[in-house]
Amino acid sequence: MSIGKNLKFIRKEQNLTIRDLVQLSDVGKSTISDIENDNVNPTTATLEKLAKALNVSVNDFFHSSIDEKNKLKSDTEVELTNKDKKDIEKNLEKTLAQLEKEDGLMLSGNPVDADDWEFIKTAIKTGLEYAKKVNKEKYTPKKYKK
């Protein structure tokens, strides 16, 4: 899979639009679109900005494991219900409230700023959604699966 396809896959996995990624990365909309459509080869600096915004390693844009992960997704992938989404939001808010109480919270050796909070929030939310989907898939009896 190409860098562009991997970028698009990672962005969509995190439920981000191109506009969201523009705001998080400070990379232009047309540049992101061109990369995702394999119309340009991105610079290292651009890849670093995108990786930081998506909270992934630059290497993740080159990994074929993303392609394998994409192939493993089935058409019967578990969907989150509105109740699941509300539960995730409650858990997210509780977790963030606990983190805000911590003195001297650091991320990569630097004090956490407003941008870091967005990365942290996105990472925690993505993790909670993934865990919920995995558990629903694992523990839902076959007769209740579509």
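Start by selecting helix α7 (residues 114-139): α7 gives six residues, the largest share, to the lining of the second largest pocket. This is a predicted model, where local features need pLDDT of at least 70, side-chain atom pairs count only at pLDDT 80 or more, and totals for chains, interfaces and linings use all residues. Residues are numbered from 1 along each chain as its sequence is written, and side-chain values use heavy atoms, leaving out hydrogens and water.

Now select Lys 52, Leu 107, Asp 115, Asp 116 and Phe 119, which lie nearest the pocket's centre among its 20 lining residues. The space in there is about 430 Å³. Besides α7, at least two lining residues each come from α2, α4 and β2.

Next stop: α3 (residues 29-36). Which of its residues are buried (under 20% relative accessible area, 1.4 Å probe, protein chains only)? They are Ile 32, Ile 35 and Glu 36. Look down the axis of α3: the buried residues fall within an arc of 95° (using directions from the helix axis to the C-beta atoms), so they line one face. An α-helix has 3.6 residues a turn, so residues three or four places apart point the same way. The cover over the buried residues of α3 includes α1, α2 and α4.

On the α1 side, the contact (heavy atoms within 4.5 Å) uses Gly 4, Lys 5, Leu 7, Lys 8 and Arg 11.

Finally, click Asp 38, which follows α3 and has a positive phi, near 60°.

Technical notes. Axes fitted to C-alpha atoms, helices over the stretch in contact; angles between N-to-C directions. Helix = DSSP H or I, 4+ residues; strand = E, 2+ residues; numbered from the N terminus. Buried < 20%, exposed > 50% of the residue type's maximum accessible area, 1.4 Å probe, protein only. 1 Å grid on protein atoms, 1.4 Å probe; cavity = no way out; pocket = protein on both sides within 12 Å on 5 of 7 lines; lining within 4 Å. Points joined across faces, edges and corners; volume = space filled by probe spheres on them.
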